[in-house]
Amino acid sequence: MKNFQIINFKKIGNTDVGYLTALEENREIPFNIRRVYYIYNVPKEIERGFHAHKRIKQVLICMSGSVKIKVDDGNEKRIFELNNPSKGLYISPGIWREMSDFSQNSVLLVLASDYYNESDYIRDYERFKKNLVKNDEPR
Ligand code: T46
């Protein structure tokens, strides 16, 4: 698995009856799922994120509408547009992320490898960059 990459989920069904996508831990989702949360009703001009995680792995899935996710490993920056519930964006620990351009009625579902813990966050970009120099994985 790369530090960030799109995962294409299997779609069961067709245009006549619609689709079903099933996600199982350690199968489609490359970790044990300890937490699920979702972000919704975000005004268009709002940007969220602006942090990295020390240990938590996540998969982001836009269930409805669209959202842009900027990821940054300290060297390479990429922007992904999520607009399809059959695709997920895997983000490993040590990756800075920013979310923007939430469309009206967008719902961003996040599957996370661990419980919420504020001490797992690096919310300062300079600290994120400094830790990258010292270690491969920020702590
Ligand atoms: C991430 C991106 C994609 C909780 O109490 N429990 C939780 O599980 C989460 C995720 C957050 N919170 C609290 C912490 C803050 O007081 O909810 C508030 C908003 O969290 P935050 O500003 O971190 O939200 P985002 O949208 O900037 O980032 C979230 C996740 O926190 C983060 O892990 O990768 O979505």
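Is Glu 24 buried, partly exposed or exposed, and at what relative accessibility? In this predicted model, Glu 24 has a relative accessibility of 36% and therefore counts as partly exposed.

**View 1. The salt bridge between Glu 24 and Arg 27.** The side chains of Glu 24 and Arg 27 form a salt bridge, with a distance of 2.6 Å from N to O. Arg 27 has a relative accessibility of 63% and counts as exposed, whereas Glu 24, at 36%, counts as partly exposed. A search of the whole structure finds 6 salt bridges.

**View 2. The salt bridge between Lys 44 and Asp 101.** In the pair formed by Lys 44 and Asp 101, the closest N and O atoms are 3.7 Å apart. Lys 44 is exposed, with a relative accessible area of 57%; Asp 101 counts as partly exposed at 32% relative accessibility.

**View 3. The salt bridge between Glu 98 and Lys 70.** The side chains of Glu 98 and Lys 70 meet in a salt bridge at 3.9 Å, N to O. This pair, too, links distant parts of the chain: Glu 98 lies in strand 10 and Lys 70 in strand 7, 28 residues apart. Because its relative accessibility is 18%, under the 20% limit, Glu 98 counts as buried. Lys 70, at 28% relative accessibility, counts as partly exposed.

**View 4. The largest nonpolar core.** The largest nonpolar core has 17 residues, of which Val 67, Ile 69, Val 71, Leu 82 and Leu 108 touch the most other members. Two or more residues each come from strand 6 (58–64), strand 7 (67–72), strand 8 (77–82), strand 9 (87–91) and strand 11 (107–112). Strand 7 gives the most to this core, with 3 residues. Another core, of 9 residues, lies apart from it and includes Phe 9, Phe 31, Val 59 and Leu 109.

**View 5. The surroundings of Ile 69.** With neighbours within four places in sequence left aside, the contacts of Ile 69 include Leu 60, Ile 79, Phe 80, Leu 82, Leu 89, Ile 91, Met 99 and Leu 108. Arg 78 and Glu 98 are also in contact with Ile 69.

**View 6. A nonpolar surface patch.** Val 36, Tyr 38 and Tyr 40 make a nonpolar surface patch of about 350 Å². Val 36 lies in strand 4, which spans residues 35–40.

Methods: Residues are numbered from 1 along each chain as its sequence is written. This is a predicted model: local features need pLDDT of at least 70, side-chain atom pairs count only at pLDDT 80 or more; totals for chains, interfaces and linings use all residues. Side-chain values use heavy atoms; hydrogens and water are left out. Patches are made of residues with over 30% relative accessible area and no salt bridge: like charges are joined within 9 Å, nonpolar side chains (Val, Leu, Ile, Met, Phe, Trp, Tyr) within 5 Å. Accessible areas come from the Shrake-Rupley method with a 1.4 Å probe; for residues, only the protein chains shown count as cover. A salt bridge is a side-chain nitrogen of Lys or Arg within 4 Å of a carboxyl oxygen of Asp or Glu. Helices (H or I, at least four residues) and strands (E, at least two) are DSSP runs, numbered from the N terminus. A nonpolar core is a set of buried Ala, Val, Leu, Ile, Met, Phe, Trp, Tyr and Cys residues joined through side-chain atoms within 4.5 Å. Buried means under 20% relative accessible area, exposed over 50%, partly exposed in between (1.4 Å probe, protein chains only). Contact means heavy atoms within 4.5 Å.
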